[in-house]
Structure formats: C-alpha cells, structure tokens
Amino acid sequence: MSATAVHSLWTTAAEPITKIDAPTFEYGQMAPTLIVVGAAILGILIEAFVPRKSRYHVQMFVSVVALAAAFAAVVALAADGYGTTKARIAAMGAIAVDGPALFLQGTILLAALVGLFTFAERRLDPVVHGNRVDSFAAQAASVPGSESEKAAVKAGFTTTEVFPLLLFAVAGMLIFPAANDLLTLFVALEVFSLPLYLLCALARRKRLMSQEAAVKYFLLGAFASAFTLFGIAMLYGYAGSMSYATIAQVVEGTVQDVNPALAGTMGNDALLLVGAALLVMGLLFKVGAVPFHMWTPDVYQGAPTPVTGFMAAATKVAAFGALLRVLYVVLPGLRWDWRPVMWAVAIVTMLGGAIVAITQTDIKRLLAYSSIAHAGFILAGVIATTPDGVSSVLFYLAAYSFVTIGAFAVVTLVRDAGGEATHLSKWAGLGRRSPLVAAVFAVFLLAFAGIPLTSGFAGKFAVFKAAAEGGAAPLVVIGVISSAIAAFFYIRVIVLMFFSEPRPEGPTVAVPSPLTMTAIGVGVAVTLVLGVAPQYFLDLAGQAGVFVR
C-alpha cells in the first residue's frame, strides 16, 4: 500500500476556513446572571480596597442591591414573554431562556436574598471586645484555637468575604438549571459548589466540626463531579455533541446529519446508558437523594447555620432544575430506562429520610434527614413526565426553599453558653420560655409535615397528584406512608417544645436584629400564603412548565 493511500485513511480534504463567525451574546436575556457575577467581582475588589471597618456595610449593600436587581431582571424577562412565547436558546446555544429557567432563577434569587439577611445577622452572639460579631470565623485562615485567631477575635475582625462567596454561588446556581449544553452544566456545577465548600468551613463556634464538614463535602463533591464529568464524556462520545437538543435527537434517532464517526457510535447503547447514569448520579448527589445522601447530615450539622439554610434551599432548587432539564430535554427518548431507576431512588429516599430522622437527637441533623425525605417527594413529581409534573416540582421547590431558610433562621436564635443549642433535649419547654419563637418553628415543622393550610400541603398535593396522573400511583401510596412517618418526628419536636417542663439551665432565645426577623417573617408569610391561597402560584408554575429545545 502506498504512503499516500495510508495517509488518506485517516485524513480527508477539508474546505479552507475563510472566516470565523464572531460570537453573539444576548446581554439582556443574560442580565440576571451578569448582574450577580458583576457584584461578586465588585465584592472581591471591596475586600481589597475598602477599609476593614466599612467592609461589612458596603458588602451588605452591594449584595442586597445586586440580588434585588437580578430578581427585577428575571421578572422583566418573564413579563416580556421570555417564559412562554419568546422562550429561546441564548449565548450561542449554551443557555436556555424559558419558563422553568426563569421561575427557578427567581426562586433562587429570592431565597438567596432572604438567606443573605441571616448571613449578615450580628446581634445573636454577645459583643466580643466591644465588637458585634456574626456566625463566621474572625479570620478563616488562622488555625482554630491559635494565637492568631485570638488576636483576630480581639481586634474585632469579621470574614466579610462570605458576601462575594454567596454571590458567586448564586451565579453558578442561576446558570445550572438553565444550561443547555453539558459543558455549561459542568462549569456552573463547579462555580456554585466551590464557594459552598468554603462557606461550610467558616463557623465562628465549633470550628473543627465546621472544617470537618467542609472537607467531607469537598471530597464527596469532588467524587460526584468526577462522575458527572465522566458521564458527560461518554454522552459526548455517543452523540458527538455537547448540545442538549443534538443529544436528544441522536437518542431518539431523528438526527439529520449522520457522518461516519457518528454512525459508528450511535448504535453503542452502553455509552449512552452508562453516560446518562453517571450524569444523573452527579445531579442526585446535589439534591441529596439516597444513596448519594451521605454528606447531607454531617455538612448540615457542621456548617454555620445561615450557610446550611441557604444551601439546603438554593442548592435543591438549582439541582432539581438541572435534573428536570436533563431528563425532560436530553433523555426523553430513554424514559423507559430511567423511570424504573428513579422509582427506586424516590422510594428509598422518601422512606430512608423519614425513618432515619426519627432516631436523630440534633435539630440540624433532623432537618437534614427531613430534607432527604423531601428530595424523595420532589422526585415523585419528576417521575410523572407530564407538564403537571414539571409545574408541581417548580411549585414545591419555591414553597420548600422559604420554609427551610426560615426554620434554620429560628435554629440560630436558640443559644446557650457554647453558641447554638442544637441538641433536642435543650429545646424542651421552649414554648413556655419563648412562645412566639416556638410557635413560628411549629408552623415551619407543620409545613414540612404537609399539614393542610401550609405551603407543604399544597406542594405535596401537587406533586402526588401529578405522579398519580402520570401512572405512578404506588409511588404516591409510599409517599403518603413516609409523610406519616415524617409527621411523627415533626410533631414530637412540637410536643417537646410546648408540653415539656423547661430546664432551669436551658438555653435562652436571643433577640435578633430586623435582618433575621425579616428572614423568619418572609418564611412564615410564604408558608401561610402558599398554604391558604396557592392557586395563583400553581398557575404561575403551570405557565412556566414548558422547556424550550
């Protein structure tokens, strides 16, 4: 065989490239994310150039304005029809601007704004050396208990870097459910995960426990990211494209332009099935579904409580949004393969979260297992594979996020000499010592339990109804049973607060500033409004329930 013949085996004549198209970018449709990223970068410059005394107030102002402006941009896009008639793919195919994306972005921004108030709270801890302090370490880089830490506390330092870190996490979360190709999905995953790993390590009290939580979260998160990346590589190998729409066409066999390389891999179902499984596994890790939930209780317990509240709410919203888009836009052709697996995951998640929560003695761990059970309930809506399924999941996520932030905000108020009193025995008799705080917490617990006239009931009803209509009635029965199991431990905490004798050496309830009061007030208001009159918000989620492809 001649050299030229061998050479032509692996090369072909190509058209000479005359010009490369300039990238196009829709700044208006990307405005919510751009505002948050811009504010996060500005936050870093503030850390560098603003005097330490003024940083807290400047950072707080910039963060609140940015989140409010980004939410206004989302509302403007939705009002302009980008959630319905004008839904489209922006940023050269990388980002979808459609109903689910805008609804989830609005929810994330509002949850972040409420969470930000708990981050900025400075009245709960006693004044140290004449300085007000927040929940975060005085100097994150110093070793716990070292001289440098004591000096930082004495000097009244505070870690104001938490504000730009929060904004970077929010920026990643905004892109995650709107990503329209696998590479954008992965970049967004890393952009919101890395700030969260750092935030988990910054607790002022119990610093070693906080750092342990961060290391666990980081290591397990790195594994999950690796699985996700490997799944992306396999799907790319299968379909020859990162784009959601192209992969979906290859899966369904409707792709028009089949070249020899694609024809060789299209028939390889192993690449498709293993790739899809690894990708979905990474997303299930983020939502905290069993058996990928092992990080949840330790991280929720060890992280500073404001971070736990923000993370529990916003990460779930972003991750479920991305999971919905992957299953409904990329893999609808694989429905018969992924539905049975998701059935199994939903069942063990609902039952596992509810049963293990009964044995918990720490209020933050109890709420962590409760969040695992809720992930199972939301998966029931994902399994429905109907438009109602999408809208019920959107509604549930919006309702759940505010209840969660409110509940963790209440946890920050109950304190003893060592900081937050999270052991359940310390909460005995809280209703007699501080009836208002106990009553508010009881409202949140009833919402978690799904009692009528709370947002939890409306959300569960919507999800279970969608699942039943989507042919998953047995799943609904298991969901109702695990709801009943879960109700047991929520009611147990309420009984403990109102019907036990308060201990003489029990904890006190700190009086918060208006910031935490606002966070808790918003939580209660959303819980009651979505419980008593959910129809408007269900309709809103229904209008926003159609993905663009």
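Predicted model: local features only at pLDDT ≥ 70, side-chain atom pairs only at ≥ 80, totals over all residues.
Residues are numbered from 1 along each chain as its sequence is written, and side-chain values use heavy atoms, with hydrogens and water left out.

On a 1 Å grid over the protein atoms alone, a pocket is an open set of points where a 1.4 Å probe fits, with protein on both sides within 12 Å along at least five of seven lines, and lining residues have an atom within 4 Å of a point. Helices (H or I, at least four residues) and strands (E, at least two) are DSSP runs, numbered from the N terminus.

Back in the second largest pocket, α3 supplies the largest share of the lining, five residues. By class, the lining holds six nonpolar, seven polar and seven charged residues. Here Ala, Val, Leu, Ile, Met, Phe, Trp, Tyr, Cys and Pro count as nonpolar, Asp, Glu, Lys and Arg as charged, and the others, Gly among them, as polar.

Now turn to the largest pocket, where 22 residues form the lining and Phe-71, Phe-103, Thr-107, Phe-537 and Leu-540 lie nearest the centre. Its lining has 16 nonpolar and six polar residues, but no charged ones. Helix α4 gives the largest share, six residues.

What about charged side chains that pair up? Side chains of opposite charge can do so when their charged atoms come close. A salt bridge is a side-chain nitrogen of Lys or Arg within 4 Å of a carboxyl oxygen of Asp or Glu, and by this rule the count comes to 15. One of them joins Asp-21 and Lys-19, with the closest N and O atoms 3.1 Å apart.

Another salt bridge pairs Arg-432 with Glu-501 at 2.9 Å, N to O. Arg-432 lies in helix α17 (residues 430–433) and Glu-501 in the loop between α20 (473–499) and β5 (508–509), so the pair ties together parts 69 residues apart in sequence.
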